[in-house]
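Okay, thanks for coming, everyone. Let me put the model up and walk you through a few spots.

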Amino acid sequence: MADIIKHRGRVESVNGSHIVVRIIQTSACSACSIKGHCNASESKEKLIDVFEVNASYQIGEEVVLLGTTSMGMQAVLLAFGVPLVILIVALGVTMHLTDGNALVSSLVGLLSIVPYYFAIHFSKDKLKKTFSFTIEKQ
C-alpha cells in the first residue's frame, strides 16, 4: 500500500457517476512549524474529477481521494520528461545542421515542443481514463 497517494477532500458536486472533489494541495513545507515566518510555504485548492459507477456521495461529504504514485510519475514524465527530450534532440539536430547558430537552434527547439503539447491537449479524453482517481468515505 506504499504506492497509494491519499488526499482528504470534500465533495463539491455529484452528477450521476461524475463526482467533483475539492482538495487542498499543499507544498512539502506547509506542514512545517515555522511556516508562518517563511514565504516558501504555499497551498492551493484543486478540483478533481472522479468517475464512480456506484456513486452514493453527498455534497459536502468528507472523502479520501486515492491515486497511485506510478500514475503521478507517468504524469510528470508526460508533462516534463518527453518535452525535454524533444527539446534537446531538436536543439542538437538544429545546431548540427545550422553550424552552431544558437538563435535559430533555440527557436526551433522551443517550437518543436508546441505540437507535442497540442497532441496532449487533444488527447485529454484518453488521458482522463488513464489518470483516474477513486474515492472512499472517510
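**A walk from the surface inwards**

Let's start with Leu103, which sits in helix H2; helices here are DSSP runs of H or I with at least four residues, strands are E runs of at least two, and both are numbered from the N terminus. Before I go on: this is a predicted model, so I take local features only at pLDDT of at least 70 and side-chain atom pairs only at pLDDT 80 or more, while totals for chains, interfaces and linings use all residues. Numbering runs from 1 along each chain as its sequence is written, and side-chain values use heavy atoms, with hydrogens and water left out.

So, Leu103 counts as exposed because its relative accessibility is 60%. The cut-offs are under 20% relative accessible area for buried, over 50% for exposed and partly exposed in between, with a 1.4 Å probe and protein chains only.

Helix H2 (102–112) and helix H3 (114–122) are the elements that give it two or more residues.

Ser105 is buried, because its relative accessible area is 0%. Beyond its neighbours within four places in sequence, Ser105 contacts Leu91, Thr94, Met95 and Thr98, where contact means heavy atoms within 4.5 Å.

On to the rings. How many aromatic pairs does a search of the whole structure find? The answer is 2. Tyr116 and Tyr117 are edge-to-face, because their planes are at 70°, with the centres 5.5 Å apart. Phe118 and Phe122 are stacked, 6.3 Å centre to centre and 15° between the planes. To pair, ring centres of Phe, Tyr or Trp (its six-membered ring) must lie within 6.5 Å; planes under 30 degrees apart are stacked, over 60 edge-to-face, and the rest tilted.

Phe118 and Phe122 are 4 residues apart in helix H3, about one turn, and Phe122 is exposed at 66%. Tyr116, also placed in helix H3, is buried at 14%. Tyr116 touches Leu78, Val82, Pro83 and Ile86, leaving out residues up to four places away in sequence.
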